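Me: I would like to learn how to read a protein model step by step. Could you take me through some features, giving the general idea before each case?

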Amino acid sequence: MGIAWRGAELRLLVPILLVAPLGFIVTNIALTGTLAAGPLGLALGYGVVILVVHVVLVLARHRGDQLLLPAAWVTGAIGLVALNRLPQDLAGTSALGFDLGMAATQLLWFGIGAVAMLVIAIGLRDDGLLRHYKYSWAAIGIGLLLATMLFGYEVNGARLWINLGPVGFQPGELLKIVLVIFIAGYLAETRTVLASARMRIGFLSIPPLPYLLPMLALFGIVMLVVVRLNDLGTALLFFGTFLTMLFVATGRRSYVLIGLILFVAGSFVAYELFDHVAARIDVWLDPFADPLGAGYQQVRALYALGRGGLFGQGLGQGLVTLGGSTTIPYVHTDFIFTAIAEELGLIGSLALLAFVAVIVFRGLRIAALARDDFSALLATGLTVSLGLQALIIVGGNTKLFPLTGITLPFVSYGGSSILVSFIMLGLLLSISHRSVVEEGAPS
Amino acid sequence: MIATNVRRLALYLMLSFFLVSGSLTWWQVVQARSLATRPDNPEVIAARRALLRGTIFDATGQPLATSSLVDGLSLRAYADPAFTHVIGYSSHRFGATGLESAFEDLLVGRADTNPIRDWIGDVLARQPQPRDLSLTIDRRLQDFAAAQLGPDAGAIVALDPMTGAVLAMVSSPTFDANPLAGDPADAQAPMDALRNDPGDPLLPRARHGVYVPGSILKVFTGAAALDAGVITPTTTFPDQPRQEIEGMLVDGFLITEHDLGGITPQLWSLSEALQVSSNIFFAHVGLALGQDEFLSYARRFGFCAPGIIGPADRALSFASSLVTEAVAGDCGSFSDNAELASAAFGQGATLVTPVQMALVAATIAGGGVMPAPFVVRDVREHAADHVRSDTVLETFNSGGGRRIVSSDVASAMRSGMLDAVNGELGRLFAGQADITLYGITDARSAGKTGTAQLGGDRPPHSWFIGFAPAQEGGTPAIAIAVIVESGGSGAGRAAPIAGRIMAEWIRISR
């Protein structure tokens, strides 16, 4: 095959490369009245990452999807502009004698993520490694969780972090991928049996137990551990991803229905058993009952959304500060979407949501065009994991669901989140590439 | 097959994205204004520090709450502590309460009386225009009423029974709100002192103080029974004279009469029973009425649900309950006839608030129609120097009355309450509420005392509800409820206070 110029991708990268620096400049001028070198450096660095990735893919004759990356880059650019706008001492690293601010650290992770993505997108020529060792992947996943339970330390009440030398790492993020690989492998093998269920209880058909049990067992362990670690957002994400993959593998709505019933029943039990779950539900139902206490985060997020209005306060002109700190808590991670919605308004927040939707629908397109069941299920799982994560956190910010602390992919500050999101993109690109090359699917 | 399922999944995910988009639109556009004006919004709190608030005047144009800018900080000053529990306070540290909270958006100019002007203001990013308020309360009457209670704990609510306009609303003890409204750095200590005060000065007793009603509830019981047709003004109960002495056995519980002060029990009808405040008579009335009718009338009188003092969209709330073990949103029920009979004369498991009882008096005064109470008369343009502007932007009127009992029933109760103050027997108990004692000789007052037994060694609450002018052909100008906590008998403490205030209002309004 000849060289693939990836022209569509390039045409979409041009406006990003032109507009993203403008975002940094406008924000910087609005905030300080001057134009500093730092934000320009960020813009330049980000542009270099985007272009290098594009050129490497072209040189590697990669024929993977051409809309996926532009959508991810524009989402990331909005996030980086927002992070650069926030107080830089909220997070950051100092390494090799350099003190990197929050946005610079995030850019560094974008670079690391891009490398990981390229390695996977180009290097993974065959999915046997993923497909045949699914139980090993499951074991690795459980190992990660156990390690977190044993050696992890708590941040904000959730025990999610492991210390790896100078950097903290969230194994739960990596677990997302490992679990999706296992489920995809298992479902690809057993989906025909699962789909032709014979057992019925009432109006619900039940999959044959011997085939479902290993998966349910593993899943039960994961859910238990996650609830034990007090990370409800991740639990919800895993469960939703699992149900969706089950649905795509079998085409049975009843499985999803059973899953939802189990979830509601489980939530009810959790509500009765665990105080912290009950407290969260109560806050969700009426955050204004205790606006300075339990409802604080939700109420502050809603105020920020309201301040944004239709057109927003303008970049660098929103985010009222009281006593030197912004009124939105965790503004660089869980609530970055509300900060963006405040400065860019409904127009901006819907646009950001639309870019995430583009990633999701391109991912599903890759799944639909995939050359085999495993790849299709893997692509579905990865995509849904990204999409649900965005829906859960944005839905939580807007009080559609109870608020849970998870990141917005490509936008929230956080190395683990960025790295894992890029690994997912890499896997998607690799699946897409193989389906184009081997089946002649449209690229 | 998988590809088909993926397409179906795409549809569901698209719906989810639409759902989240809808949720975003809801908060960012539909709810944006109401979020922006919530008093606990940190932006509102920050902006308020520099925002001039409108002046609040009494009914005659006397400034009660004024704002001034000191070094860019907007400071609120309150002229009269007697109004604290009506106006509330606006504090940079503790937020706003009372009317300061209910009218927050208008006072600081974040909303206007006219939604179209609101919208234009938003588009033009106009500077907020503070608005001024006039109350229905005349400062002279409010101060007079507050002085009657003095340092004693209690509450007074006076209404115009025809319109529902609040004429006075006193909660005692009150407090000076100026330290809370002043420099936020100095506000914590005074607030702590108020919170730790055993006298509970922060409680707005007129609206949220719940008290055993005692005999003033007989006005309700009588009106309900007359309206239901189970008694007439001439109905008597043959066993009553004997039971006044021996007691009345209901479901194994012996109901006894209070000290009649040497009056020989006779066969009494409604008027005499109100005059001597016969518990036995009203126990019979309650049993004749029955639990279901009793509670159904309680609901009609608004006893079983929280109420508001208007205007409706910027209202002050008041608590309301009749049966202590009330279920949410309703009156609950009596466990047996002994409880019903006790409730019928205002003891047992009953609790009321002063606003509620003033509304009961206003209902009888108003010919059976209960007025919707309101405390803000109008919204005006803000004028400098704390002078009331003549430009009225919006006027509030009575929200309209609700017919509770027929005018015949109200007329019979009016006559009974007139006797309770002026009659041969009634004078011995409630004579101190007679306005002729306080210089109004061409009109008569009507009413009912209450001596609410609290059990144990605590002295009873002293109650009076009534209205004036109450004579045949007179138009009532004021309906009133007075309670003095642990003030002893209704006759001794609350009745003269009510008499003086009713006389004072007739004097002022002439």
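Me: Is A:Phe410 buried or exposed?

Reply: A residue is called buried if 20 or more other C-beta atoms lie within 10 Å of its own, exposed if 12 or fewer, and partly exposed in between, with the C-beta atoms placed from the backbone. A:Phe410 has 27 C-beta neighbours inside 10 Å and therefore counts as buried. Please keep in mind that this is a predicted model, in which local features need pLDDT of at least 70 and side-chain atom pairs count only at pLDDT 80 or more, while totals for chains, interfaces and linings use all residues. Residues are numbered from 1 along each chain as its sequence is written, and chains are lettered from A and ligands numbered from 1 in the order in which they are written.

Me: Where does A:Phe410 lie, and what is its phi?

Reply: Most residues other than glycine have a negative phi, and most peptide bonds are trans. A:Phe410, although not a glycine, has a positive phi of about 70°, and it lies in the loop between α14 and α15 (415-439) of chain A. Helices here are DSSP runs of H or I with at least four residues, strands are runs of E with at least two, and both are numbered from the N terminus. B:Asp200 is another residue other than glycine with a positive phi, near 55°, and it is found in the loop between α10 (188-196) and α11 (205-208) of chain B. B:Asp200 has 12 other C-beta atoms within 10 Å, so it is exposed.

Me: Which peptide bonds are cis?

Reply: One of them joins B:Gly310 and B:Pro311, with omega about 5°, and B:Pro311 sits in the loop between β11 (307-309) and β12 (316-318) of chain B. The bond from B:Ala468 to B:Pro469 is also cis, with omega near -15°, and B:Pro469 belongs to the loop between β18 (461-468) and β19 of chain B.

Me: How should I read a strand, and which strands are joined to β7(B) by bridges?

Reply: Strands of a sheet pair through backbone hydrogen bonds, either parallel or antiparallel. Two strands are counted as paired if DSSP finds at least two bridges between them. In chain B, six bridges join β7(B) to strand β8 (residues 166-172), and the two run antiparallel, with B:Leu159 opposite B:Val166. These two strands form a hairpin with six residues between them, and B:Gly164 in the turn has a positive phi of about 85°. Six bridges also join β7(B) to strand β19 (residues 478-484), again antiparallel, where B:Ala481 is the bridge partner of B:Val157.

Me: Why is strand β7 of chain B described as largely enclosed?

Reply: Six of the six residues of β7(B) (residues 154-159) are buried, so the strand is largely enclosed by the rest of the structure. B:Gly154, B:Ile156 and B:Ala158 point one way, B:Ala155, B:Val157 and B:Leu159 point the other way, and all are buried.

Me: What is a nonpolar core, and which residues touch the most other members of the largest one?

Reply: In soluble globular proteins, nonpolar side chains tend to be buried together. A nonpolar core is a set of buried Ala, Val, Leu, Ile, Met, Phe, Trp, Tyr and Cys residues joined through C-beta atoms within 7 Å. The largest core has 142 residues, of which B:Ala158, B:Ala358, B:Ala361, B:Ile465 and B:Ile480 touch the most other members. Apart from it lies another core, of 134 residues, among them A:Ile50 and A:Val411.

Me: How is the packing of two helices described, and what do α1 and α3 of chain A show?

Reply: Two packed helices are described by the angle between their axes and the distance between the axes. Axes are lines fitted to C-alpha atoms, for helices over the stretch in contact, and angles run from 0 to 180 degrees between N-to-C directions. The axes of α1 (residues 7-32) and α3 (residues 68-85) of chain A come within 10 Å and cross at roughly 5°. Angles under 35 degrees count as roughly parallel, over 145 as roughly antiparallel, 65 to 115 as roughly perpendicular and the rest as oblique, and α1(A) and α3(A) are therefore roughly parallel to each other.

Me: How many residues of chain A are in contact with chain B?

Reply: Two residues are in contact if their C-beta atoms, placed from the backbone, lie within 7 Å. By this rule, 37 residues of chain A are in contact with 29 residues of chain B. On the side of chain A that touches chain B, the largest share, twelve residues, comes from α13(A).
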